[in-house]
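This briefing concerns a predicted model. Please consult the sequence and structure below before reading the points that follow.

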Amino acid sequence: MNHTPVYNIVQGKCLLHLVYDLPKVDKAAPPHEQLAYYRRLRGLSKDELAGMIGVSAGEIVNYEKQFQEIYDDQAQKLAQALDMDSGLLLDDYTRFVSPGYGQRIKKYP
(Lines give C-alpha, C1' and ligand atoms only; values in the text may rest on other atoms or scores of the structure.)
Protein backbone atom coordinates (compact mmCIF):
# COMPACT_ATOMS: atom_id res chain seq x y z
CA MET A 1 0.00 0.00 0.00
CA ASN A 2 1.17 3.49 -0.73
CA HIS A 3 -0.42 6.88 -0.90
CA THR A 4 -0.50 9.57 -3.49
CA PRO A 5 0.17 13.22 -2.73
CA VAL A 6 -3.57 13.84 -3.10
CA TYR A 7 -5.25 14.76 0.16
CA ASN A 8 -7.91 17.05 1.55
CA ILE A 9 -8.45 18.64 4.92
CA VAL A 10 -12.15 18.34 5.79
CA GLN A 11 -13.52 19.48 9.14
CA GLY A 12 -10.07 19.31 10.66
CA LYS A 13 -9.40 15.78 9.40
CA CYS A 14 -6.87 14.84 6.76
CA LEU A 15 -8.27 12.55 4.06
CA LEU A 16 -5.66 10.62 2.09
CA HIS A 17 -6.06 8.94 -1.27
CA LEU A 18 -4.65 5.44 -0.76
CA VAL A 19 -3.71 3.08 -3.56
CA TYR A 20 -3.76 -0.68 -2.96
CA ASP A 21 -2.00 -3.08 -5.28
CA LEU A 22 -4.41 -6.00 -5.22
CA PRO A 23 -3.07 -9.39 -6.25
CA LYS A 24 -4.15 -10.44 -9.70
CA VAL A 25 -4.55 -13.78 -11.41
CA ASP A 26 -3.84 -14.36 -15.07
CA LYS A 27 -6.83 -15.36 -17.21
CA ALA A 28 -4.80 -18.41 -18.28
CA ALA A 29 -4.25 -19.55 -14.69
CA PRO A 30 -5.60 -23.02 -13.86
CA PRO A 31 -9.09 -23.39 -12.35
CA HIS A 32 -7.90 -24.01 -8.78
CA GLU A 33 -5.97 -20.72 -8.80
CA GLN A 34 -8.95 -18.87 -10.28
CA LEU A 35 -11.22 -20.26 -7.55
CA ALA A 36 -8.86 -19.36 -4.71
CA TYR A 37 -8.26 -15.89 -6.14
CA TYR A 38 -11.92 -14.98 -6.60
CA ARG A 39 -12.87 -16.44 -3.21
CA ARG A 40 -10.27 -14.28 -1.46
CA LEU A 41 -11.13 -11.27 -3.63
CA ARG A 42 -14.76 -11.51 -2.47
CA GLY A 43 -13.60 -11.88 1.13
CA LEU A 44 -15.15 -15.31 1.62
CA SER A 45 -13.85 -18.15 3.74
CA LYS A 46 -14.01 -21.69 2.43
CA ASP A 47 -16.85 -22.36 4.89
CA GLU A 48 -18.84 -19.36 3.68
CA LEU A 49 -18.43 -20.26 0.02
CA ALA A 50 -19.32 -23.88 0.72
CA GLY A 51 -22.50 -22.77 2.49
CA MET A 52 -23.46 -20.57 -0.44
CA ILE A 53 -23.35 -23.47 -2.92
CA GLY A 54 -24.50 -26.25 -0.60
CA VAL A 55 -21.34 -28.34 -0.23
CA SER A 56 -18.88 -29.02 2.58
CA ALA A 57 -15.87 -26.80 3.17
CA GLY A 58 -13.76 -29.89 2.45
CA GLU A 59 -15.01 -29.87 -1.12
CA ILE A 60 -13.81 -26.28 -1.58
CA VAL A 61 -10.44 -27.32 -0.10
CA ASN A 62 -10.31 -30.25 -2.54
CA TYR A 63 -11.01 -27.93 -5.48
CA GLU A 64 -8.34 -25.43 -4.44
CA LYS A 65 -5.71 -28.12 -3.78
CA GLN A 66 -6.52 -29.91 -7.07
CA PHE A 67 -7.66 -33.09 -5.32
CA GLN A 68 -11.00 -32.86 -7.13
CA GLU A 69 -11.98 -31.58 -10.58
CA ILE A 70 -14.50 -28.75 -10.89
CA TYR A 71 -17.19 -29.95 -13.28
CA ASP A 72 -19.77 -27.85 -15.11
CA ASP A 73 -22.57 -28.03 -12.53
CA GLN A 74 -20.33 -26.93 -9.65
CA ALA A 75 -18.54 -24.38 -11.85
CA GLN A 76 -21.91 -22.73 -12.54
CA LYS A 77 -22.75 -22.54 -8.81
CA LEU A 78 -19.30 -21.31 -7.84
CA ALA A 79 -19.26 -18.70 -10.60
CA GLN A 80 -22.65 -17.37 -9.54
CA ALA A 81 -21.58 -17.16 -5.89
CA LEU A 82 -18.30 -15.46 -6.79
CA ASP A 83 -19.70 -13.26 -9.58
CA MET A 84 -17.25 -14.55 -12.18
CA ASP A 85 -17.16 -16.36 -15.52
CA SER A 86 -17.70 -20.10 -15.03
CA GLY A 87 -15.37 -20.82 -17.95
CA LEU A 88 -12.43 -19.80 -15.77
CA LEU A 89 -13.21 -22.76 -13.50
CA LEU A 90 -13.06 -25.36 -16.26
CA ASP A 91 -9.93 -26.88 -17.76
CA ASP A 92 -9.66 -28.70 -21.09
CA TYR A 93 -10.80 -32.00 -19.59
CA THR A 94 -13.80 -30.64 -17.68
CA ARG A 95 -14.88 -28.62 -20.72
CA PHE A 96 -14.66 -31.81 -22.78
CA VAL A 97 -17.01 -33.71 -20.43
CA SER A 98 -19.39 -30.77 -19.96
CA PRO A 99 -23.07 -31.28 -20.87
CA GLY A 100 -23.64 -31.37 -24.61
CA TYR A 101 -20.12 -32.29 -25.62
CA GLY A 102 -20.78 -36.03 -25.46
CA GLN A 103 -23.59 -35.68 -28.01
CA ARG A 104 -21.34 -33.65 -30.29
CA ILE A 105 -18.61 -36.31 -30.11
CA LYS A 106 -21.07 -39.06 -31.10
CA LYS A 107 -21.73 -37.22 -34.37
CA TYR A 108 -18.15 -37.84 -35.52
CA PRO A 109 -17.39 -41.24 -37.09
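The model is predicted: local features need pLDDT of at least 70, side-chain atom pairs count only at pLDDT 80 or more, and totals for chains, interfaces and linings use all residues. Residues are numbered from 1 along each chain as its sequence is written, and side-chain values use heavy atoms, with hydrogens and water left out.

**Overall fold**
- The protein contains six helices and two strands (DSSP runs numbered from the N terminus: H or I of at least four residues for helices, E of at least two for strands).
- Along the sequence, the pattern is β-β-α-α-α-α-α-α.
- Of the 109 residues, 29% are buried, meaning under 20% relative accessible area with a 1.4 Å probe and protein chains only.

**Helices α2 and α3**
- Helix α2 (residues 46–53) packs against helix α3 (residues 57–64) at about 110 degrees, with the axes 8 Å apart; axes are lines fitted to C-alpha atoms over the stretch in contact, and angles run from 0 to 180 degrees between N-to-C directions.
- The two helices α2 and α3 are therefore roughly perpendicular (65 to 115 degrees).
- Lys46, Asp47, Leu49, Ala50 and Ile53 of α2 make the contact with Ala57, Ile60, Val61 and Glu64 of α3 (heavy atoms within 4.5 Å).

**Largest pocket**
- Its volume is about 160 Å³, taken as the space filled by probe spheres set on the grid points, which are joined across faces, edges and corners.
- A pocket is an open set of points on a 1 Å grid over the protein atoms alone, where a 1.4 Å probe fits, with protein on both sides within 12 Å along at least five of seven lines.
- Its lining residues, with an atom within 4 Å of a point, include Pro30, His32, Tyr63 and Asp91.

Definitions and conventions:
Angles under 35 degrees count as roughly parallel, over 145 as roughly antiparallel, 65 to 115 as roughly perpendicular and the rest as oblique. Buried means under 20% relative accessible area, exposed over 50%, partly exposed in between (1.4 Å probe, protein chains only).
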